[in-house]
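Subject: Structure handover

Hello,

Here is the structure for your files. My notes on what was found in it come after it.

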Amino acid sequence: MSQTLATSGTIAAIATAIVPQQGSVGIVRVSGTEAIAIAQQLFHAPGKQKWETHRILYGYIRHPQTQELIDEALLLIMQAPRSFTREDVVEFHCHGGIMAVQKVLQLCIEQGARLAQPGEFTLRAFLNGRIDLTQAESIADLVGAKSPQAAQTALAGLQGKLREPIRQLRNTCLDILAEIEARIDFEEDLPPLNEENIQAQIAEVTAKVQQILATADRGELLRTGIKVAIVGRPNVGKSSLLNAWSRSDRAIVTELPGTTRDVVESQLVVGGIPVQVLDTAGIRETSDVVEKIGVERSRRAAEAADLILLTIDAEIGWTEAETEIYQQVKSRPVILVINKIDLITENQKQNLLTAIPQFQFQVHTAAALNQGIEELETAILTVIHAGKAQAADLDLAVNQRQAAALTSAKTSLKQVLTTIAEQLPLDFWTIDLRGAIQALGEITGEEVTESVLDRIFSRFCIGK
């Protein structure tokens with residue numbers, strides 16, 4: 001059953017993450033015409049508490065037949081249309097954990113609700129006009145945000161920062177289309193079409209589409225982040241670098257080579273971008289079976305990384321081993337990290353820099369002293385943004401689906417300008433102009449297919 005065909009009846013789902021013995025509150029959300037009736041069957045509010053919209057009632061959840069006490073809870077009532085879905089909504093705020101919320105959800109289903117599909121609450125909010133499609137996607141982005149900047153960008157989308165400019169651009173295109181079609185239908189009764197004015201308007205819309213489209217790279221980075229692998233020979237300070245960077249003792253550090261036997265991961269945020277850092281085992285030939293497995297895992301981690309931090313020991317310098325490692329990772333962007341720089345003199349440093357290969361990005365660190373970390377992060381951000389379009393001062397970031405629609409709109413608008421320049425009949429102008437209007441409408445949901453909705457909302461969690 002597709003998402004759009006399944007939005008009938010009353011739905012229920014657990015709306016909070018359930019962690020055994022850890023969650024303090026668990027919420028069961030119910031939406032639909034029978035939501036309040038179901039709540040009245042299950043919830044007993046002592047005293048003279050009024051069952052009114054946007055009130056919180058205190059009481060007990062009981063089995064409607066056996067009167068077995070299920071939980072002491074709060075009940076939140078939101079009558080249509082003043083709710084997230086614009087339907088009657090109730091929420092049972094139970095004690096956290098697993099048992100209470102699962103029992104309450106089961107009772108709701110026994111009373112006539114059905115289990116919600118992934119994203120169905122948000123889908124109903126969209127179909128009922130409560131939010132548009134950009135806001136719906138921003139909700140998913142907010143839930144999955146991995147950094148404060150990602151959350152802020154998602155909030156901007158939720159507040160309509162993307163919806164409004166897209167709607168304005170689409171309305172401009174609709175106005176242009178209406179003006180052109182009026183000349184087609186009533187050419188004799190209207191003054192000649194001002195072609196230069198039409199071209200100027202389309203060019204302006206195209207420029208604004210490109211400006212919004214330029215935020216796609218930042219959006220992708222904020223949502224997915226990058227994977228960085230620290231690689232190098234044993235005992236060059238890879239684990240010390242990870243510990244200094246993450247300000248923790250994630251990796252064991254000793255003077256013995258081969259201490260790190262497996263890939264150690266740490267989640268960081270650099271310049272607002274989520275970064276998954278992989279501290280790999282020292283890459284070398286070894287007869288130790290366990291270390292050999294760790295080296296192979298290190299190679300696989302390096303192959304999967306978006307960026308390589310090739311780390312060398314300043315006291316030892318560049319050796320044949322570094323050359324072999326570099327040959328394995330050079331297909332990805334590489335930053336050369338010269339660690340333990342504090343252990344050599346200035347003359348030794350100059351000799352070292354003369355002897356090693358030249359890298360576009362090179363950083364000097366003393367991980368044991370927490371030195372050079374800011375310079376490392378600056379280099380990482382430079383590599384990340386190299387060659388990418390820089391967005392204007394917009395506090396939004398489009399996703400892949402939105403970027404594809406914007407690209408389609410831009411292509412159609414450019415084709416309109418080509419059609420005008422080639423002096424083709426007005427009917428030809430309208431073809432690509434309609435294509436641009438449809439593409440812009442797909443972003444906000446004013447023109448969207450059922451399959452697109454299925455694809456978007458299937459990625460949501462069930463209770464959202």
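**The contact of α9 with α13**

Leu 241, Ala 244 and Trp 245 of α9 are in contact with Ile 373, Leu 376, Glu 377 and Ile 380 of α13, where contact means heavy atoms within 4.5 Å. By type, the residues of this contact are 6 nonpolar, no polar and 1 charged. Here Ala, Val, Leu, Ile, Met, Phe, Trp, Tyr, Cys and Pro count as nonpolar, Asp, Glu, Lys and Arg as charged, and the others, Gly among them, as polar. The two helices, α9 and α13, pack at about 90° with their axes 10 Å apart. Axes are lines fitted to C-alpha atoms, for helices over the stretch in contact, and the angles run from 0 to 180 degrees between N-to-C directions. This makes α9 roughly perpendicular to α13, the term for angles of 65 to 115 degrees (under 35 is roughly parallel, over 145 roughly antiparallel, the rest oblique).

**Conventions**

This is a predicted model, in which local features need pLDDT of at least 70 and side-chain atom pairs count only at pLDDT 80 or more, while totals for chains, interfaces and linings use all residues. Residues are numbered from 1 along each chain as its sequence is written, and side-chain values use heavy atoms, with hydrogens and water left out.

**The chain as a whole**

The chain has 16 helices and 13 strands; these are DSSP runs numbered from the N terminus, with helices being H or I of at least four residues and strands E of at least two. Of its 464 residues, 47% count as buried. Buried means under 20% relative accessible area, exposed over 50%, and partly exposed in between (1.4 Å probe, protein chains only). Among contacts with a separation of 6 or more, 69% are between residues 24 or more positions apart.

**Nonpolar cores**

A nonpolar core is a set of buried Ala, Val, Leu, Ile, Met, Phe, Trp, Tyr and Cys residues joined through side-chain atoms within 4.5 Å. The largest has 31 residues, and the members that touch the most others are Ile 212, Leu 406, Leu 413, Leu 433 and Leu 440. At least two residues of this core come from each of α6 (163-185), α7, α14 and α15 (426-444). Leu 440 is in contact with Ile 166, Leu 169, Arg 170, Cys 173, Val 209, Leu 406 and Ala 409, leaving aside neighbours within four places in sequence. There is also a second, separate core of 27 residues, which includes Trp 245, Ile 273, Leu 307 and Val 363.

**Helix α8**

Ala 216, Gly 219, Leu 221 and Leu 222 are buried in α8 (residues 216-224). The buried residues of α8 pack against α5 (148-158), α7 (195-213), β8 (226-231), β10 (273-279), α13 (373-385) and α14 (400-421).

Asp 313 belongs to β11 (residues 307-313). At 4% relative accessibility, Asp 313 is buried. Not counting residues up to four places away in sequence, Asp 313 touches Arg 233, Asn 235, Val 236, Asn 339 and Lys 340.

Leu 336 is in β12 (residues 334-339) and is buried, with a relative accessible area of 0%. Its contacts, leaving aside neighbours within four places in sequence, are Leu 310, Ile 312, Trp 318, Ile 356, Phe 359, Phe 361, Gln 362 and Val 363. The C-alpha atoms of Leu 336 and Gln 362 are separated by 4.7 Å, with the two residues 26 apart along the chain.

**Annotated positions**

An unreviewed UniProt entry lists Ser 239 and Thr 260 under "binding site". UniProt positions are in the numbering used here, feature names are shortened, and annotations may be inferred rather than shown by experiment. Ser 239 is in α9 (residues 238-246) and is buried, with a relative accessible area of 9%.

**Backbone points to check**

The peptide bond from Ala 80 to Pro 81 is cis, with omega near 0°. Pro 81 is in the loop between β5 (69-78) and β6 (89-95).

Asn 235 is not a glycine, yet has a positive phi of about 70°. Asn 235 is in the loop between β8 and α9 and is partly exposed, with a relative accessible area of 31%.

Gln 423, also a residue other than glycine, has a positive phi near 60°. Gln 423 is in the loop between α14 and α15 and is exposed, at 55% relative accessible area.

Regards
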